[in-house]
Amino acid sequence: VERHLVACAQLEAIESFYNWEGALQHDPEYRLTLKTTADLYPAVEAAIRERHPYELPAIFALPVVQALNSYDNWIQQNCAKAE
């Protein structure tokens, strides 16, 4: 948010169950939802990878099919333009 890569960040505590290296894992984790623009995705992904301790973090984009126009404008205004 401070670097203007995202307009909003939301953090939620979650429980994850997954297979890793042949073993079932159960760990407390955090889900981070970032609201940004499509053109900033590469920069956001790079920033997460620089800081994330996992070898294979779950980083993906979900398309927004529709959004309140004024909210979409707010996202656009609060994200830096990709260079």
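This is a predicted model: local features need pLDDT of at least 70, side-chain atom pairs count only at pLDDT 80 or more; totals for chains, interfaces and linings use all residues.
User: Which element gives the largest share of the lining of the largest pocket?
Analyst: The largest pocket is lined by 48 residues. Strand 1 (8-20), strand 2 (23-35), helix 1 (41-51) and helix 2 (69-77) each supply at least two residues of that lining. The largest share is ten residues, and the element that gives it is strand 2.

User: How many residues of this lining are nonpolar?
Analyst: Tyr and Cys count as nonpolar here, while Gly counts as polar. On that basis the lining of the largest pocket has ten charged residues and eight polar ones. The number of nonpolar residues in the lining is 30.

User: Is Leu32 buried, partly exposed or exposed?
Analyst: Leu32 has its place in strand 2, and is among the residues nearest the centre of the largest pocket. Together with Leu11 and Tyr30, Leu32 forms a nonpolar patch on the surface, with about 380 Å² of accessible area. Buried means under 20% relative accessible area and exposed means over 50%. Leu32 has 47% relative accessibility, so Leu32 counts as partly exposed.

User: How many residues apart in sequence are the parts tied together by Arg31 and Glu12?
Analyst: The side chains of Arg31 and Glu12 meet in a salt bridge, 3.8 Å from N to O. Arg31 lies in strand 2 and Glu12 in strand 1, so the parts this pair ties together are apart in sequence by 19 residues.

User: What is the N to O distance in the salt bridge of Arg51 and Glu50?
Analyst: The count of salt bridges comes to two. Both Arg51 and Glu50 are exposed. Their side chains meet in a salt bridge, and the N to O distance is 3.1 Å.

User: What is the phi of His4?
Analyst: Most residues other than glycine have a negative phi. His4, found in the segment before strand 1, is a residue other than glycine with a positive value. The phi of His4 is near 60 degrees.

User: Is Glu21 buried or exposed?
Analyst: Glu21 lies in the loop between strand 1 and strand 2. Glu21 is not a glycine, although its phi is positive, about 50 degrees. The cut-off for exposed is over 50% relative accessible area. Glu21 has 67%, so Glu21 is exposed.

Conventions
Residues are numbered from 1 along each chain as its sequence is written. Side-chain values use heavy atoms; hydrogens and water are left out. On a 1 Å grid over the protein atoms alone, a cavity is a set of points where a 1.4 Å probe fits but cannot get out, and a pocket is an open set with protein on both sides within 12 Å along at least five of seven lines; lining residues have an atom within 4 Å of a point. Helices (H or I, at least four residues) and strands (E, at least two) are DSSP runs, numbered from the N terminus. Patches are made of residues with over 30% relative accessible area and no salt bridge: like charges are joined within 9 Å, nonpolar side chains (Val, Leu, Ile, Met, Phe, Trp, Tyr) within 5 Å. Accessible areas come from the Shrake-Rupley method with a 1.4 Å probe; for residues, only the protein chains shown count as cover. A salt bridge is a side-chain nitrogen of Lys or Arg within 4 Å of a carboxyl oxygen of Asp or Glu. Buried means under 20% relative accessible area, exposed over 50%, partly exposed in between (1.4 Å probe, protein chains only).
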